[in-house]
Amino acid sequence: GNKKNKYVVKMLSDKWCKSKLLSKKSFILTFNEKFIFRKKHPCVKSIKITYIPNPKNHVTDITENIIVITYFNKIFPINYNFEYNKITFRLNSFKIKKALLQFPEGLQKYGILLYSFLKKSCINSKSFLISSRTTFGACCVEDFLGKFIGTCIVLHYGHSCLFPILDCIIPLMYVFLEIRFDYNFITDVIKEKSIFLDFSFFLFSTIQYASILKNIKFSLSLLKIPVYITSNAPLSPGEVLGCTCLEINTVSNIIFVGEGRFHLEATIISNSFCRFFQFNPFSQHFTVVDFNTSFTCIQRQKEILKSFFGRMNIGVIIGTLGRQGNNSIIKKIQELIYKKKFDSILLSTTEISSDNLEIIGHKIIDMWVQVVCPRLSIDWGKCFIKPLLNTYEFGVLLGFNKWKINGYPMDYYSYRGGYWTNYFESQSVFNMKKKLLI
């Protein structure tokens with residue numbers, strides 16, 4: 001944007017072009033450092049641009065950023081990677097004036113510190129806003145809220161790039177917030193326990209520790225222990241979400257790196273016949289973990305049986321907290337309801353509670369189907385008076401898909417998922433399963 005600054009342009013095709021000054025109207029700005037021309041050209045598909053700042057201001061900007069970063073490094077945890085350089089470079093080079101910050105509950109205590117850091121290091125930015133709405137996961141992206149309050153970008157901390165950035169109405173930037181720790185403790189424990197030397201392991205973690213899984217695999221391979229890390233697209237290799245985990249059939253031992261039980265329970269529910277170990281990087285504990293998956297599956301089967309009797313009035317709930325809801329899944333459910341000739345209503349809400357659903361659907365709604373989060377029905381379904389089913393259970397109820405005997409599918413954001421997931425094309429499935437719906 002500044003006339004004093006120059007851009008070095010490199011063609012991604014076979015032809016090259018000379019360095020030249022580009023105007024704002026000639027390209028579309030994205031945060032993958034790629035620019036796409038508005039007017040199509042037979043030789044040009046996309047270009048990669050390297051930003052060269054003005055040398056006079058470059059020295060002063062670097063010295064000021066170094067002073068600010070060294071000061072805040074004393075306050076922030078040393079093993080946390082907040083990606084200061086990437087954030088400040090993007091905000092300063094693109095001259096972002098107003099930004100919205102999103103934090104999960106575990107990182108909200110660093111919100112004010114990051115606010116003051118960005119306020120000092122970003123010269124062109126006039127204001128930063130911190131969202132007070134609860135951020136449960138990467139699906140809770142507040143691009144609509146950012147557009148409504150007039151921000152230029154949303155900085156989403158602590159989650160992976162789950163929702164496509166190009167589909168957002170304003171620019172979005174994911175900050176994974178990688179956490180470093182001493183992973184040699186895992187190898188030391190396995191060395192002490194000679195029983196582990198005969199095992200083969202599968203490694204899982206959240207996005208904060210996904211980059212360290214390769215180091216753990218290398219250290220265990222020196223002990224001649226077979227270790228596997230597999231990617232579950234679109235997630236990173238070894239990454240687990242609370243609603244998405246890869247199903248394993250080859251290895252019977254799983255090591256989960258991370259704290260808490262929410263993501264760990266997703267791996268146990270989808271792989272109920274495996275043995276699970278959890279390594280907590282904060283407490284340095286390596287423990288054996290168990291979860292009563294069979295009891296959970298029996299409870300969910302009872303909820304499906306409750307919904308089976310009589311003619312039903314169905315309430316379909318779509319989440320409006322960030323990008324939780326999915327319109328394609330809503331269309332699939334509405335088509336199933338239409339073919340079964342049931343009556344239904346559509347309810348959009350940011351929060352699902354038993355009291356609200358009982359007030360809205362008292363003596364009218366016989367069951368609810370929620371397109372918000374599948375773990376909401378699994379973990380809290382027994383707390384609701386009327387049955388609250390997720391999309392997979394609703395398909396079982398109508399006979400569209402069979403109940404899985406070995407485990408429970410956790411593939412909500414996986415490319416390998418069934419029709420009830422986000423990335424499944426609906427037309428082919430309804431044509432294939434047309435006989436079941438008659």
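Residues are numbered from 1 along each chain as its sequence is written, and side-chain values use heavy atoms, without hydrogens and water. Because the model is predicted, local features need pLDDT of at least 70 and side-chain atom pairs count only at pLDDT 80 or more, while totals for chains, interfaces and linings use all residues.

Colleague: Which residues of helix α3 are buried?

Modeller: Helices are DSSP runs of H or I of at least four residues, and strands are runs of E of at least two, numbered from the N terminus. Taking buried as under 20% relative accessible area and exposed as over 50%, with a 1.4 Å probe and protein chains only, the buried residues of α3 (residues 111-121) are G111, L114, F117, L118 and S121.

Colleague: Which residues of α2 and α3 make the contact?

Modeller: The axes of α2 (residues 84-93) and α3 come within 10 Å and cross at roughly 50 degrees. Contact means heavy atoms within 4.5 Å, and the residues are Y84, I87, T88, L91 and N92 of α2 with L114, F117, L118 and S121 of α3.

Colleague: In β15, what is the bridge partner of Q278?

Modeller: Strands pair if DSSP finds at least two bridges between them, and β14 (residues 275-280) pairs with β15 (residues 285-289) in the antiparallel sense over five bridges. In β15, the partner of Q278 is T287.

How values were computed: Axes are lines fitted to C-alpha atoms, for helices over the stretch in contact, and angles run from 0 to 180 degrees between N-to-C directions.
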